[in-house]
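Open your viewer and get your selection tool ready.

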Amino acid sequence: MTIYSDKVLKRTHNCGELRLADVGSAVRLCGWVRSYRDHGGVVFVDLRDREGITQVVFGVPDDDSEAAQQQYKLARALRHEWVISIGGEVGPRGEERNNPKLATGEIEVLCNELVLLNRSDAVPFEPDEYHTTSEENRLKYRYLDLRRPEMTKALRLRHQICRVMRNTLDEHDFVEVETPFLTRSTPEGARDFLVPSRMQFDSFYALPQSPQLFKQILMVGGLDRYYQVVRCFRDEDLRADRQPEFTQLDVELSFCSEQDVMDITNQVLRNICELCDKPFPADVPVIDYDESMRRFGTDRPDLRFGMELVDISDLASQTEFGVFNGALGSGGVVQCVVIPGGAVMTRKETDGLANWSKEFGAKGLANTKVAAGKTLETGVAKFLTPIAEELIERTGANEGDLICFGADTKKIVQRVLGELRSKMARERDLVPPGEFKWVWVVDFPLVEYNEDMKRLDVLHHPFTSPNMDDWETKQDTPTEMKSRAYDIVCNGMEMGGGSIRIHQPELQRKVFDLLDIGKEEAEEKFGFLLNALRYGAPPHGGIALGLDRVVMTMIGAHSIRDVIAFPKTQRGSCPLTNAPAAVDEQQLTDLDLKILTPPAEKQ
């Protein structure tokens with residue numbers, strides 16, 4: 001193994017730094033061979049490091065010395081992704097050879113010393129040509145994928161955003177405190193990842209879904225203002241904006257209102273947007289949950305475009321359309337969304353939307369087109385004759401638009417039309433480029449009825465404080481109770497959520513009772529929190545911002561995996577390390593564990 005001298009390893013500049021002002025300077029660069037071109041004796045190499053690319057020129061040597069000839073021979077032998085150190089002099093490319101696509105495109109380095117630091121096998125894909133390989137292959141060879149500028153930019157921006165978060169909270173007297181990764185299982189809506197304990201037979205740790213209980217206990221302990229950039233774990237189905245392990249900015253403060261938490265969060269996000277040259281409003285709009293669902297069919301509304309839901313239940317009752325009347329007769333609703341310019345869609349495309357809607361619980365998706373003279377044609381137009389004029393006026397539909405109808409329970413209709421609204425905006429390029437729309441959604445329901453489990457479930461977590469007026473007056477109709485919860489949303493994606501917490505043990509027990517969590521179960525799972533609340537817990541609240549989602553939004557990535565160094569696939573696996581993987585029998589024996597069902601049979 002070669003030990004290289006400081007002269008070889010100590011760079012004077014990075015590969016994205018040199019400019020015309022450096023012409024004539026002696027420099028030392030190190031990096032990877034991005035590309036090489038042999039032009040009849042003169043070799044051009046694009047040398048890359050995390051900061052950029054510099055063109056290096058290896059000319060035919062002026063002398064016949066063995067060292068010069070060997071160096072020239074090595075230059076002609078260079079291949080993709082070999083690691084080299086070069087010394088040379090900066091020269092101008094000349095106007096006719098400038099490369100405006102590179103920050104260093106006006107200069108080149110005339111090499112007079114080349115040292116090969118390491119060779120590379122033929123790579124399975126070039127970092128700059130990542131789009132020609134599958135994502136799974138990119139994750140398997142993540143070290144190659146990380147070399148491309150997009151990944152380097154994403155990870156550096158992630159680092160800078162973390163720094164802005166910390167600096168902002170430090171300026172407001174918050175203290176960063178680490179909380180345990182090995183804790184007890186307290187399910188918060190998703191499955192826990194369990195860790196068997198070797199020293200406590202039949203007992204398990206759980207990896208935290210959030211530091212929720214610990215940060216509340218920190219408030220009881222008088223810390224007053226806490227934050228943490230923390231890893232969290234949830235064993236749930238994955239999608240483009242979700243991973244089994246993720247990072248969040250966790251914040252909690254005492255003696256606060258909802259507005260206090262929203263104000264400090266706005267300041268954090270404002271500073272992040274300033275870093276990323278993105279707009280952030282002086283005043284973030286605030287809408288309540290009911291309005292968000294009524295207008296947009298979702299609690300994470302995208303305000304960059306219109307297509308708001310319109311309730312036409314009263315008009316639909318005047319038709320003889322069986323689908324409408326059946327929904328209304330069952331206590332449901334009829335609502336619609338207008339797709340601008342959607343009349344150009346073919347019958348095959350509109351039928352496809354009807355089939356797509358079934359993924360969200362709908363039985364179908366009726367539609368009609370607005371023709372010349374603002375008349376209705378195709379689809380269910382024949383059923384709408386008695387209400388056509390008023391329908392067009394109420395919806396604001398214009399010639400060439402498509403009107404899509406949902407008729408079912410309010411929950412299903414809002415979900416389907418909300419998803420349709422987003423789908424059409426994406427596919428029909430209705431989203432203004434470069435626009436950022438932030439909104440706070442507040443006053444969430446405290447609980448909702450779970451039809452499958454026949455029980456009440458919380459929308460956020462069971463430590464969220466109810467609206468106390470509702471708590472006193474709506475005990476008989478708990479699904480009508482509002483909570484003191486709030487979410488911050490950007491461009492239709494939830495960036496974070498939080499709430500004012502329950503700080504009185506009596507109220508916390510009553511909320512557990514509402515959720516059918518008995519006294520014994522509550523003590524078993526949450527006794528340490530209930531005990532803490534008995535010893536002078538201050539009023540407190542907080543929020544958690546999803547770091548991965550914030551970075552994804554700032555950089556314009558399409559997948560959360562593009563802003564995480566070593567993400568999992570949608571199947572929860574890591575192609576790089578082949579995790580999860582089997583363990584040897586001795587490890588199982590040490591933990592008193594035995595695999596009872598062979599994997600083949602389990603599948």
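This is a predicted model: local features need pLDDT of at least 70, side-chain atom pairs count only at pLDDT 80 or more; totals for chains, interfaces and linings use all residues.

Residues are numbered from 1 along each chain as its sequence is written, and side-chain values use heavy atoms, with hydrogens and water left out.

**Stop 1: the whole protein.** Start zoomed out. Taken along the principal axes, the C-alpha atoms fill a box of roughly 95 × 75 × 55 Å. Colour by secondary structure and you have 19 helices and 22 strands; these are DSSP runs numbered from the N terminus, with H or I over at least four residues for helices and E over at least two for strands. Of the 603 residues, 47% count as buried. Buried means under 20% relative accessible area, exposed means over 50%, and partly exposed is in between (1.4 Å probe, protein chains only).

**Stop 2: α5 and α17.** Select residues 149-171 for helix α5 and 547-555 for helix α17; the two pack with their axes 10 Å apart, at an angle of about 120°. That angle makes α5 oblique to α17, because angles under 35 degrees count as roughly parallel, over 145 as roughly antiparallel, 65 to 115 as roughly perpendicular and the rest as oblique. The axes are lines fitted to C-alpha atoms, for helices over the stretch in contact, and angles run from 0 to 180 degrees between N-to-C directions. Step on to glycine 556, which follows α17 and has a positive phi, near 75°.

Stop 3: How many salt bridges does a search of the whole structure find? The count is 45, where a salt bridge is a side-chain nitrogen of Lys or Arg within 4 Å of a carboxyl oxygen of Asp or Glu. Show aspartate 49 and arginine 11, whose side chains meet in one of them at 3.8 Å, N to O. Aspartate 49 lies in strand β2 (residues 42-49) and arginine 11 in the loop between α1 (6-9) and β1 (26-39), so the pair ties together parts that are 38 residues apart in sequence. Aspartate 49 counts as buried at 9% relative accessibility, whereas arginine 11 is partly exposed at 48%.

Stop 4: Select arginine 304 and aspartate 302, joined by a salt bridge at 2.7 Å, N to O. Aspartate 302 is buried, with a relative accessible area of 7%. Then pick arginine 148 and aspartate 145: their closest N and O atoms are 2.7 Å apart in a salt bridge, and both residues are buried.

**Stop 5: tyrosine 143.** Tyrosine 143 sits in helix α4 (residues 142-145). Is its side of the story buried or partly exposed? Tyrosine 143 is partly exposed, with a relative accessible area of 43%.

**Stop 6: isoleucine 272.** Finish in helix α7 (residues 258-275), where you will find isoleucine 272. Isoleucine 272 counts as buried at 1% relative accessibility. Draw a distance from its C-alpha atom to that of methionine 493: the separation is 16 Å, for residues 221 apart along the chain.
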